[in-house]
Amino acid sequence: MSNKGRYKVGARASNRLPEALKSNEGIRQALKAVEGHFPMDLYVDDLELELLQKSSRTLSRFLVPGSKIDIAIQFAQLCEISSDLFKEVKEIRKKIKSIISDNEDELETNHVGALQYVGEFRSEMGPALADSIVLRRFANFVDAVLLAQIQYSAENVEIELFIVE
């Protein structure tokens with residue numbers, strides 16, 4: 001995959017709802033709650049989407065290679081995706097902790113210099129941190145959608161996460 005594609009990630013009223021319910025006050029409030037956590041639009045590129053897909057089998061089931069991306073994901077699948085992504089982040093953080101442990105002496109004697117001359121920092125830790133940011137950002141968006149759905153469930157609100165090209 002190249003990183004030329006750009007995909008918008010957002011929340012909307014569930015496409016399973018009748019049209020009359022898609023614009024009720026509960027839906028508006030739930031979507032506003034998601035926006036409160038993510039006031040700016042969230043976009044991912046091809047490489048980030050590929051990482052997300054590799055990190056969550058549930059998400060990968062929604063993405064069909066070679067087809068236009070326009071998917072909607074509801075509550076149960078979002079719970080699975082959130083869990084998958086945070087497990088992957090936990091593994092990345094273990095790897096980072098191991099790199100720091102392995103190079104503790106260098107960091108204590110010359111922390112800035114060690115970042116420059118210890119290859120593991122640039123070749124392994126840098127990419128691991130970049131992946132962690134992508135996964136956490138997307139997982140946090142998923143969690144914001146889940147939270148809004150739960151907070152407004154008394155009003156029969158059903159929202160979904162969407163990814164569209």
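# A guided tour of the predicted chain

Start by selecting strand E1, which gives the most to the lining of the largest pocket, with 4 residues; helices (H or I, at least four residues) and strands (E, at least two) are DSSP runs, numbered from the N terminus. What you have open is a predicted model, in which local features need pLDDT of at least 70 and side-chain atom pairs count only at pLDDT 80 or more, while totals for chains, interfaces and linings use all residues. Residues are numbered from 1 along each chain as its sequence is written, and side-chain values use heavy atoms, with hydrogens and water left out.

**The pocket**

Staying with the pocket, you will find that its volume is about 190 Å³. A pocket here is an open set of points, on a 1 Å grid over the protein atoms alone, where a 1.4 Å probe fits and where protein lies on both sides within 12 Å along at least five of seven lines; lining residues have an atom within 4 Å of a point. Grid points are joined across faces, edges and corners, and the volume is the space filled by probe spheres set on the points. Select Gly10, Ala11, Glu35, Phe38 and Asp41, which are the closest to the pocket centre of the 14 residues that line it. The elements that give two or more residues to this lining are E1 (6-13) and H1. By type, the lining divides into 10 nonpolar, 1 polar and 3 charged residues, where Ala, Val, Leu, Ile, Met, Phe, Trp, Tyr, Cys and Pro count as nonpolar, Asp, Glu, Lys and Arg as charged, and the others, Gly among them, as polar.

**The whole chain**

Now zoom out to the complete chain, whose secondary structure comes to 6 helices and 4 strands, arranged from the N terminus on as β-α-β-α-α-β-α-α-α-β. Its C-alpha atoms fill a box of roughly 65 × 35 × 25 Å, taken along the principal axes. Of the 165 residues, 40% count as buried, a term that means under 20% relative accessible area, with exposed meaning over 50% and partly exposed in between (1.4 Å probe, protein chains only). Among contacts (heavy atoms within 4.5 Å) with a separation of 6 or more, residues 24 or more positions apart account for 74%.

**Helices H1 and H6**

Next, select H1 (residues 25-37) together with H6 (residues 119-151), whose axes come within 9 Å and cross at roughly 145°. The axes are lines fitted to C-alpha atoms, for helices over the stretch in contact, and the angles run from 0 to 180 degrees between N-to-C directions. On the H1 side the contact is made by Ala30, Ala33, Val34 and His37, and on the H6 side by Phe141, Ala144, Val145, Leu147, Ala148 and Gln151. These residues divide into 8 nonpolar, 2 polar and no charged.

While H6 is still selected, pick out Ile150, which lies in this helix and counts as exposed because its relative accessibility is 52%. The C-alpha atoms of Ile150 and Ala128 are separated by 32 Å, although the two are 22 residues apart along the chain.

**Along helix H4**

Move to H4 (residues 75-102) and select Ser82, which lies in it and is buried, with a relative accessible area of 8%. Leaving aside neighbours within four places in sequence, Ser82 is in contact with Val142, Asp143 and Leu146. Ile99 also has its place in H4 and counts as buried at 3% relative accessibility; with the neighbours within four places again set aside, Ile99 is in contact with Glu120, Phe121, Glu124 and Met125.

Select Leu59 in helix H3 (residues 57-62), which is buried with a relative accessible area of 0%. Beyond residues up to four places away in sequence, Leu59 touches Leu52, Gln53, Ile71, Ile73, Ile81, Phe138 and Ile163.

In helix H2 (residues 46-55), go to Glu48, which is buried at a relative accessible area of 19% and touches Tyr43, Val134 and Arg137, not counting residues up to four places away in sequence.

Finish at Glu158, in the loop between H6 and strand E4 (159-164), where the relative accessible area of 19% again makes the residue buried. Glu158 and Ile27 are 131 residues apart in sequence, yet 7.3 Å apart in space, C-alpha to C-alpha. Ile27 is one of the residues that Glu158 touches, the others being Ala13, Ser14, Arg16, Leu17, Gln74 and Gln149, not counting residues up to four places away in sequence.
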